[in-house]
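Here are a few friendly notes to read alongside the model. Take them one point at a time, and keep the picture open as you go.

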Amino acid sequence: MKLKFNKAVIVGPGLIGGSIGMILRQKKIAASVVGIARKDKTLTVARRRGLIDYGTKDVKRAIRGADLIVLALPVDAIKKTIKLIGRYVQSGCLIFDVGSTKREILKAAAKMLPKKVYFVGTHPMAGSEKSGPAHANSGIFKKSLCFVVMSDTTNRCALKKVVKLWKFFGARVELISAAKHDRIVAQMSHLPHLISAALVESVEKKNLKFAATGFKDTTRIAAADSVMWQSIFFSNRKEILGAIKIFESRLKKFKNDLEQNRIRNFKKQLERARGKRETVV
Ligand code: NAP
């Protein structure tokens with residue numbers, strides 16, 4: 001199976017979309033790479049940095065004749081864009097998204113896209129708290145994990161192609177259902193982000209000048225784009241609320257042991273956490 005496309009369209013050539021555009025161009029996987037964004041500056045930076053061949057705000061014109069479309073916008077914008085492109089996309093086109101939640105996006109794709117357009121949901125567990133085309137780079141996915149959603153309705157040929165693309169980008173692929181994906185990322189990505197933000201909010205501003213490695217390491221992700229993250233949280237509310245509940249009960253255990261002066265219990269909890277953390281590779 002050849003990885004060759006005639007016209008690839010990156011909707012949202014920011015950090016993730018721009019990095020994909022850069023690889024598609026550098027490795028000549030697509031004859032041309034078109035970027036769609038809202039701001040002129042985004043398109044100018046993306047073009048200047050070689051992430052796209054040219055950019056436009058005209059979705060209808062851009063996707064005419066496209067055989068690959070990458071949706072790399074905030075999660076709620078991906079859902080809206082699926083609805084919009086559904087009206088113009090050509091038959092046989094392969095579409096994949098990179099959004100951080102999967103259930104709602106897959107639902108929108110199943111409902112809004114024509115039959116002979118092949119959609120695959122993906123989520124690269126790569127990136128950073130930085131955003132925009134200025135930070136895109138072609139090495140971003142190397143040795144990272146990428147979730148690729150497989151369901152009964154996923155076209156097998158499209159799935160194989162998307163898996164091959166992600167492996168080519170340097171990622172290790174994990175096939176997963178949308179429901180399982182959303183539960184895992186609620187625990188492993190969304191809860192940590194929320195805690196990181198709550199932690200920053202819990203300290204007095206005047207004390208921030210004393211921040212050292214511990215505080216900096218634990219709160220790095222709180223510096224990420226708030227629009228993107230708000231969209232993620234509200235698209236995965238149920239799973240995140242479940243994860244928060246578990247976290248609250250854990251925190252309460254620590255609090256109770258401190259209040260009751262139960263030193264041994266407290267230490268046991270710390271030791272268990274340490275052992276568990278040491279298994280993270
Ligand atoms: P980003 O750098 O901020 O790029 C977002 C792009 O989408 C920009 O080109 C922006 O163009 C466009 N955009 C933003 N809001 C839009 C809207 N409402 N309508 C149309 N276009 C819009 O974001 P990113 O970090 O690449 O994230 C993109 C997607 O990847 C998100 O769904 C995110 O959940 C997912 N993701 C992110 C990471 C990460 O670490 N950052 C990792 C894995 C997955 P303008 O500047 O013109 O608005």
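1. Domain bounds here come from an automatic or database domain assignment. With that in mind, the chain of this predicted model splits into domain 1, residues 5–176, and domain 2, residues 181–277.

2. How far apart do the C-alpha centres of domain 1 and domain 2 lie? They are 31 Å apart. The two parts also touch: 14 residues of domain 1 are in contact with 17 residues of domain 2.

3. The size of an interface is often given as the accessible area lost when the parts come together. Between domain 1 and domain 2, about 1,400 Å² is buried, and carbon and sulfur atoms give 59% of that area. On the domain 1 side, Thr101, Arg103 and Glu129 lose the most area to domain 2; together they make up 39% of what that side buries.

4. Now turn to the ligand. It has 26 residues around it, and the closest are Lys39, Thr42, Leu73, Ser100 and Gly132. Sorted by class, this shell holds 14 nonpolar, 10 polar and 2 charged residues.

5. Which parts of the protein reach oxygen atoms of the ligand? For threonine 42, an N or O atom of the side chain is 2.6 Å from one. Arginine 38 uses a backbone N or O atom, at 2.8 Å, and serine 128 also has a backbone N or O atom there, at 3.2 Å.

6. On its own, the ligand has 890 Å² of accessible area, and the protein covers 85% of it.

Technical notes: Residues are numbered from 1 along each chain as its sequence is written. This is a predicted model: local features need pLDDT of at least 70, side-chain atom pairs count only at pLDDT 80 or more; totals for chains, interfaces and linings use all residues. Side-chain values use heavy atoms; hydrogens and water are left out. A residue is near a molecule or strand if one of its heavy atoms lies within 4 Å of it. A polar contact is a pair of N or O atoms within 3.5 Å; within protein, one must be able to donate a hydrogen and the other to accept it, and residues adjacent in sequence count only if both atoms are side-chain atoms. Accessible areas come from the Shrake-Rupley method with a 1.4 Å probe; for residues, only the protein chains shown count as cover. Ala, Val, Leu, Ile, Met, Phe, Trp, Tyr, Cys and Pro count as nonpolar, Asp, Glu, Lys and Arg as charged, and the others, Gly among them, as polar. Contact means heavy atoms within 4.5 Å. Buried area is the accessible area (1.4 Å probe) that two parts lose on being put together, summed over both.
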